[in-house]
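Subject: Structure handover

Hello,

Here is the structure for you to look through. Please open it first, then read the notes below.

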Amino acid sequence: MKILAIGDVVGASGLAYLSAHLSHVRDKHRADVVIVNGENATDIHGLSVPDAKAIWDCGADLITLGNHAYGRRDLCMLLSDSERIIRPANFPPLTPGSGYTLLTIDGYKLLCINVQGTAFMEPLASPFETVDRILAREQGAYDFAVMDIHAEATSEKIALSRYFDGRVAVMFGTHTHVATADEQILPKGSGYITDIGMTGPVNGVLGTDAEAVIEKFRTHMPVRFRVADGPVQGHGALFDVDEIKGCVRDVCRIVF
């Protein structure tokens with residue numbers, strides 16, 4: 001089974017680019033499952049219901065989120081109603097939605113988890129303990145697990161991957177919007193990459209207008225961010241999973 005993970009979609013231009021290219025990319029790589037991180041798709045901070053539906057319409061099976069999960073209030077109802085969109089599992093229990101879901105693909109059960117790091121980010125519940133509880137709760141209900149690690153610190157992402165090696169087959173990082181060159185198969189058979197990059201404008205700063213970001217760094221004054229103009233590129237990673245053994249045969253970065 002091939003799982004295609006697409007990096008954070010940034011703004012309307014990133015979403016339009018995804019809509020125009022995802023079908024071809026999915027066919028080219030013969031992906032059985034497509035997971036898209038959509039937390040920045042609507043005006044950088046959040047995801048609206050129409051934009052979530054647009055991501056599904058262009059071929060995504062599952063949308064994951066991150067620290068901007070509640071940037072748009074209209075998404076709360078969709079998070080509570082749909083099993084095809086998840087937010088970080090270590091958010092407080094009273095927040096809308098779920099941090100994981102079970103997808104059935106070609107007769108196999110995939111446990112898909114979204115978790116957020118805590119280093120240099122909000123002081124949420126421990127991602128280690130949160131995922132441990134999910135795996136224990138769903139034991140026997142799935143064939144293999146997939147996890148989007150939405151985190152700032154590379155060290156925290158790698159630590160999570162090592163801790164869950166052999167228990168979560170596919171692990172990929174999101175949030176930093178820059179694809180890393182460390183795709184690998186870990187000692188116990190899990191596939192991992194620290195960050196799968198973004199689908200958005202490449203001439204800005206992580207998809208955001210460069211001038212606004214530079215002003216923020218130089219002055220430390222409040223600045224209104226907007227999506228950068230210019231050419232768009234898509235990034236992600238493809239995982240080839242042995243669905244019987246629950247381990248990964250190959251991991252490769254993709255650019256489209």
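Start with one definition: a residue is buried under 20% relative accessible area, exposed over 50%, and partly exposed in between, with a 1.4 Å probe and protein chains only. This is a predicted model, in which local features need pLDDT of at least 70 and side-chain atom pairs count only at pLDDT 80 or more, while totals for chains, interfaces and linings use all residues. Residues are numbered from 1 along each chain as its sequence is written, and side-chain values use heavy atoms, with hydrogens and water left out.

**Two loop residues**

Leucine 206 sits in the loop between strand 12 (198-201) and helix 6 (210-219). Helices here are DSSP runs of H or I with at least four residues, strands are runs of E with at least two, and both are numbered from the N terminus. The phi of leucine 206 is near 60°, a positive value in a residue other than glycine. Most residues other than glycine have a negative phi.

Isoleucine 44 also has a positive phi, near 75°. Isoleucine 44 is found in the loop between strand 3 and helix 2. Is isoleucine 44 buried or exposed? Isoleucine 44 is buried, at 7% relative accessible area.

**The whole chain**

The protein chain has six helices and 15 strands. Its radius of gyration is 17 Å, close to the 18 Å that the globule rule gives for 256 residues, so the chain is as compact as a globular protein of that length. That radius is taken over C-alpha atoms, and the rule is 2.2 Å times the number of residues to the power 0.38. Along the principal axes, the C-alpha atoms fill a box of roughly 50 × 40 × 35 Å. Buried residues make up 55% of the 256 residues.

Now the contacts, meaning heavy atoms within 4.5 Å. Take those in the protein chain with a separation of 6 or more: residues 24 or more positions apart account for 62% of them.

**The cores**

A nonpolar core is a set of buried Ala, Val, Leu, Ile, Met, Phe, Trp, Tyr and Cys residues joined through side-chain atoms within 4.5 Å. In soluble globular proteins, nonpolar side chains tend to be buried together.

The largest nonpolar core has 32 residues. Which of them touch the most other members? They are Leu4, Ile6, Leu18, Leu47, Ile55, Leu75 and Ile85. Several elements each supply at least two residues of this core, including strand 1 (2-6), strand 3 (33-37) and helix 3 (75-81). Helix 1 gives the most, with five residues. Apart from this core lies another, of 23 residues, among them Ile86, Ile105, Val146 and Ala169.

Leaving out residues up to four places away in sequence, leucine 4 touches Val33, Ile35, Leu238 and Ile254, among others.

Threonine 104 is in strand 6 (residues 100-105). Threonine 104 is partly exposed, at 48% relative accessibility. Threonine 104 and tyrosine 142 are 38 residues apart in sequence and 9.0 Å apart in space, C-alpha to C-alpha.

Aspartate 182 is in the loop between strand 9 (170-174) and strand 10 (184-185). Aspartate 182 touches Tyr192, Ile193 and Thr194, not counting residues up to four places away in sequence.

Best wishes
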